[in-house]
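Here is a briefing on one predicted model.

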Amino acid sequence: MLNTIVTGSETDKPKLLIAHGLYGSARNWGVIAKRMSEGRQVLSVDMRNHGLSPWFKTQSYHDMADDLAEVIESHGAPMDVVGHSMGGKASMILALKYPYLINKLIVADISPVAYSHTQIQYIKPMRDLDLERVEKRSDADQMLAEQIPEAGIRAFLLQSLDIKEKKWRLNLNTLETEMPKIIGFPEITVAFLGVTLFLSGAESDYVRPEYRPQIKALFPNAKFAKIPGAGHWLHADKPREFEAAMQAFLA
């Protein structure tokens, strides 16, 4: 089963499951999980091939949805679910396959479509990093800077580097070979009739107007909201606004 961090105590409100995006981990969501847990119990998972969860040879959305279903069923269904990016696509497939496991669904800055842009360009720099020369995080940051100039992206990726064990907590081989599936979206014909919020960053282009027909076909009761000043990593760019939007929707 996926590695799961449980935050807070059970209340009369549905539990909240958080599914992170590509190269992320449950720990990335620690602050939001803690704040959201003031009114409900929150479960943050490491997706397969990420963090402390098991490594597999596949990263398909059906597999990821099945992983999430297993967590929900073991901790008590139904739950509210929020998924970001890759985790958002996995959460959509979860809702479409197992609607009875979900109370309300929040899809953070992603659409049920195939994208042309890829995130594979970060795998080679991570794989090429000479971990034997890394004594502290700043060493790795300096070495990665040659191939990844964006400080924010380096900081995000380095959250998955285990300095002590000198290894990445990412199955880079599987993520590389399965990247076409990750940037794609499976063909599926059923619809989820539950209440769904597509919450996006106003500075992001992952939820475009032309994607609305596909979204509405699969999620006919979808609502849409944007967070001003936020990009694709909206929960990191505007955490308080992201949390407020989630609280309002779930209430």
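Strand β2 (residues 16-19) runs parallel to strand β3 (residues 42-45), and four bridges join the two. Two strands pair if DSSP finds at least two bridges between them. The model is predicted: local features need pLDDT of at least 70, side-chain atom pairs count only at pLDDT 80 or more, and totals for chains, interfaces and linings use all residues. Residues are numbered from 1 along each chain as its sequence is written, and side-chain values use heavy atoms, with hydrogens and water left out.

**Strands**
- L17 has L43 as its bridge partner in β3.
- From β2 the chain passes through helix α1 (residues 30-36) to β3, in a right-handed β-α-β crossover. Right-handed means that, with the strands pointing away from the viewer, the path from the first strand over the helix to the second runs clockwise.
- Helices (H or I, at least four residues) and strands (E, at least two) are DSSP runs, numbered from the N terminus.
- β2 also runs parallel to strand β4 (residues 79-84), joined by four bridges. There, A19 stands opposite G83.
- Both faces of β2 are covered: L16 and I18 are buried on one side, L17 and A19 on the other. Buried means under 20% relative accessible area, exposed over 50%, partly exposed in between (1.4 Å probe, protein chains only).

**Packing**
- The largest nonpolar core has 66 residues, and Y23, L94, W168 and F219 have the most contacts inside it. Such a core is a set of buried Ala, Val, Leu, Ile, Met, Phe, Trp, Tyr and Cys residues joined through side-chain atoms within 4.5 Å.
- G184 sits in the loop between α8 (179-183) and β8 (196-201). G184 counts as buried because its relative accessibility is 10%.
- Leaving out residues up to four places away in sequence, G184 touches Y61, K89, V113 and A114. Contact means heavy atoms within 4.5 Å.

**Salt bridges**
- The whole structure holds 14 salt bridges, each a side-chain nitrogen of Lys or Arg within 4 Å of a carboxyl oxygen of Asp or Glu.
- D63 pairs with R48, the closest N and O atoms being 3.9 Å apart. R48 is buried at 6% relative accessibility; D63 is partly exposed at 23%.
- R48, D63 and D67 are linked in a salt-bridge network.
- D66 and K97 meet at 3.0 Å, N to O. This pair links helix α2 to helix α3 (residues 86-97), 31 residues apart.
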